[in-house]
Amino acid sequence: MKKIACVVSFLLSAIVVCVASTNSTKQNLNVVFIGNSISEGALLDEPSRTAPPIKTGDYLRKHLKNVKVDVTNCGVSGSTTVDFLPVEGTLFSKVQQAADHYKNDESALLMFSVMLGTNDSAIRGTHGAPVSAGQYRTNMKAIIDKLLALYPDCKIVLNYPIWYSPNTYNGAMYLVEGQKRLKSYYPELDGLIQDYAVTTPGQVYKGDTKAYDYFKDNYLTDFFAEDGNAGVFYLHPNAKGGSKLAEFWGKALIGIFNSK
């Protein structure tokens, strides 16, 4: 039995070394962004050029010298983790289509940058809401597991969902209850990252954790003021805020890319 355990341990170590060696040869970077209206660039002029994922691509190109960077934005307004579950008829097909486009690019590392949870936290009005912390973790795990199965050399970056005002109430109701639920997702993301560090080391990472506090302090200058059912609320970054969010995401991606 001891001999078998040693053999298994050796094989697992060999697999980890092989993956690490493969990733170290990838000099370029392809990133697929998974998210909601914040990623989509809601309310921004020309989101195809100004949405946070696109701005993140600009940031990466500026700070990663001699690295070819390509990004695809799969953010969809109003979406929750339920909408991205890897089953037929969900938004996961959009993610898979984007990633498959990069699948044969042997020169580039494929990364997924994920920020979901805003719409999960709503009291009502979005698909599946309210999503409990436990269910959020289950949904995220299903998404991550499928991505790892389809793209075994990829890296997945989990960003904390960002702040919104406690009176947020548009087509969906969020309010104080939603904001509290949003923050309950953070330990679940941390737990997932710790679990994957054991089961698939070097593939699932903690991304940005600082944007929440930044926007909490700077929402008047960095968010759109929107008329809602409970007064003027703040949910979506404006052009300045979108660029700042891109900087937070970009710094996380650069750190992970350079550690490959």
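**Close-up views of a predicted model**

View 1. Leu91 sits in the loop between strand S2 (69-73) and H5. Helices (H or I, at least four residues) and strands (E, at least two) are DSSP runs, numbered from the N terminus. This is a predicted model, in which local features need pLDDT of at least 70 and side-chain atom pairs count only at pLDDT 80 or more, while totals for chains, interfaces and linings use all residues. Residues are numbered from 1 along each chain as its sequence is written, and side-chain values use heavy atoms, with hydrogens and water left out. Leu91 counts as partly exposed because its relative accessibility is 22%; buried means under 20% relative accessible area, exposed over 50%, and partly exposed in between (1.4 Å probe, protein chains only). Neighbours within four places in sequence aside, Leu91 is in contact with Val76, Ser79, Asp83 and Phe84, where contact means heavy atoms within 4.5 Å. Between the C-alpha atoms of Leu91 and Thr81, 10 residues apart along the chain, the separation is 9.6 Å.

**View 2. Helix H6 and its buried side.** Helix H6 (residues 133-150) has 18 residues and reaches 26 Å from its first C-alpha to its last, close to the expected 26 Å. The expected span is 1.5 Å times one less than the number of residues. Buried in H6 are Ala133, Tyr136, Asn139, Met140, Ile143, Ile144, Leu147 and Leu148. They lie on the same side of H6 because they cover an arc of only 165 degrees around the axis; the arc is that of the directions from the helix axis to the C-beta atoms. An α-helix has 3.6 residues a turn, so residues three or four places apart point the same way. Among the elements covering the buried residues of H6 are strand S1 (28-35), helix H5 (92-102), strand S3 (108-115) and helix H7 (175-199).

**View 3. Glu188 in helix H7.** Glu188 is part of helix H7. With 17% relative accessibility, Glu188 counts as buried. Apart from its neighbours within four places in sequence, Glu188 is in contact with Ala133, Tyr136 and Arg137. Two of these contacts, Ala133 and Tyr136, are among the buried residues of H6. Glu188 and Met111 are 77 residues apart in sequence, and their C-alpha atoms are 21 Å apart in space.

**View 4. Backbone angles in two loops.** Most residues other than glycine have a negative phi, and most peptide bonds are trans. In the loop between helix H2 (37-40) and helix H3 (47-50) lies Leu43, with a positive phi near 75 degrees. Glu46 is in the loop between H2 and H3, and its phi is also positive, near 50 degrees. Leu43 counts as partly exposed at 48% relative accessibility, and Glu46 counts as partly exposed at 46%. In the loop between S3 and H6 lies Pro130; a cis peptide bond joins Ala129 and Pro130, with omega about -5 degrees.

**View 5. Lining of the second largest pocket.** The second largest pocket is lined by 16 residues, and Lys26, Lys103, Leu110, Tyr151 and Asp153 lie nearest its centre. S3 gives the most to this lining, with 3 residues. On a 1 Å grid over the protein atoms alone, a pocket is an open set of points where a 1.4 Å probe fits, with protein on both sides within 12 Å along at least five of seven lines; lining residues have an atom within 4 Å of a point.
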